[in-house]
Amino acid sequence: MDKMDGPLCLLVVSTLLTVARSEAVGEEFKATLTNMGPSTVFHGESIRLTCDVTDPRSTWEHVWFRDDQRLDQRGELTILSAAVGDAGNYTCRGERRGAVGIIYTPKSLPHSISIDMGNVLLTVRQPVLVGATLDAQCRVRGAPRLTEVYLYKDNVLVSSRTDGTADLTLPNVNLTYQGTYHCLAGWFDGQQNLAKSLGNPVTVKEVVSKPILSLDVNANTKPKDMTLNCTFTFLKPDPAAEVHVYFYRDEKKLAGIARSQKRATLVVLTKEGAYRCRARVPSLNLDQWSEPREYRP
């Protein structure tokens with residue numbers, strides 16, 4: 001081996017390690033889009049997005065992506081006059097220089113923005129939850145005084161106003177409210193105008209999903225015991241809301257109550273019967289039951 005081979009190899013390895021360590025993902029930190037505004041804006045309107053990183057100890061630069069393509073802007077993202085090409089899925093991430101190079105957070109969840117070329121635009125505050133109020137706004141380009149506003153779901157009239165207000169509400173939503181909405185607006189600007197928006201698909205979600213119950217028998221214990229697992233999703237509508245979880249055998253409540261956001265577990269002695277779990281939000285008087293699971297040894 002040439003005398004220079006040893007130092008050269010060390011230099012190459014050291015360089016590769018430096019390159020490999022020049023960027024690192026800070027998995028413990030999280031980037032979140034804030035002040036997102038509407039998901040659809042008129043052509044020529046402004047777009048402003050801000051980004052927040054959960055790290056009070058350090059200062060992070062915020063970088064932006066549209067459809068995974070990195071943008072030149074840092075800090076607050078501002079587009080003063082939106083064009084068709086500005087439509088897409090926006091994400092942000094935090095970046096800062098550390099001892100081993102650039103550290104960056106995972107990307108935030110995306111925020112989709114579309115550009116409307118018409119004169120009437122319907123926006124609906126989402127997500128729309130069962131039991132809540134559907135809040136919609138029928139906007140007209142230039143914000144003239146409205147003379148009439150009509151809200152349609154799947155081409156059926158569901159609400160209207162003639163007081164000059166663009167806001168429309170549908171209280172106490174249930175799953176049948178899911179569908180495609182559009183609005184029809186009338187306004188006067190020297191002459192009477194009437195135009196409708198494009199359709200806006202609206203998804204209605206349960207605050208608590210239907211729970212799924214699983215039974216796991218532990219054959220290594222004497223007497224044998226069984227673990228009941230109740231899993232669900234919870235879209236927390238307000239900070240005070242919480243889920244209480246109950247377990248049942250043959251429609252009789254078993255001892256104990258769990259407070260959880262997505263999963264609860266109870267260990268019981270094995271006994272044949274039909275088991276169910278119940279996820280309840282007391283503050284909203286909402287209940288969801290799992291399908292029964294039979295245990296027959």
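This report covers strand pairing, aromatic pairs and charge-over-ring contacts in a predicted model.

## Basis

Because the model is predicted, local features need pLDDT of at least 70 and side-chain atom pairs count only at pLDDT 80 or more, while totals for chains, interfaces and linings use all residues. Residues are numbered from 1 along each chain as its sequence is written, and side-chain values use heavy atoms, with hydrogens and water left out.

Strands here are DSSP runs (E, at least two residues), numbered from the N terminus, and two of them pair if DSSP finds at least two bridges between them.

Four bridges connect β13 (residues 134–140) with β16 in the antiparallel sense. Within this pairing, L134 has L170 of β16 as its bridge partner.

## Pairings of β5

Strand β5 (residues 61–66) runs antiparallel to β8 (residues 88–98), joined by six bridges, and E61 stands opposite E95 in β8. β5 is also joined by three bridges to β6 (residues 69–74), again antiparallel, with F65 opposite R70. β5 and β6 make a hairpin with two residues between them, and D67 in the turn has a positive phi of about 50°.

## Aromatic pairs

Two aromatic pairs are found in the whole structure. Rings of Phe, Tyr and Trp (its six-membered ring) pair if their centres lie within 6.5 Å; planes under 30 degrees apart count as stacked, over 60 as edge-to-face and the rest as tilted. The F29 and W60 rings have centres 5.1 Å apart and planes at 65°, so this pair is edge-to-face. F29 is in the loop between β1 (23–25) and β2 (31–34), and W60 is in the loop between β4 (47–53) and β5, 31 residues apart. Both are buried (under 20% relative accessible area; exposed is over 50%, partly exposed in between, with a 1.4 Å probe and protein chains only).

Y248 and W289 form a tilted pair, 4.8 Å centre to centre with 45° between the planes. Y248 belongs to β23 (residues 243–249) and W289 to β28 (residues 286–289), 41 residues apart. Y248 is buried at 8% relative accessibility, whereas W289 is partly exposed at 27%.

## Charges over rings

A charge sits over a ring if NZ of Lys or CZ of Arg is within 6 Å of the ring centre and within 35 degrees of the ring normal. The charged end of R93 sits over the ring of Y104, 4.2 Å from its centre. K107 lies over the face of F65, 4.0 Å from the ring centre.
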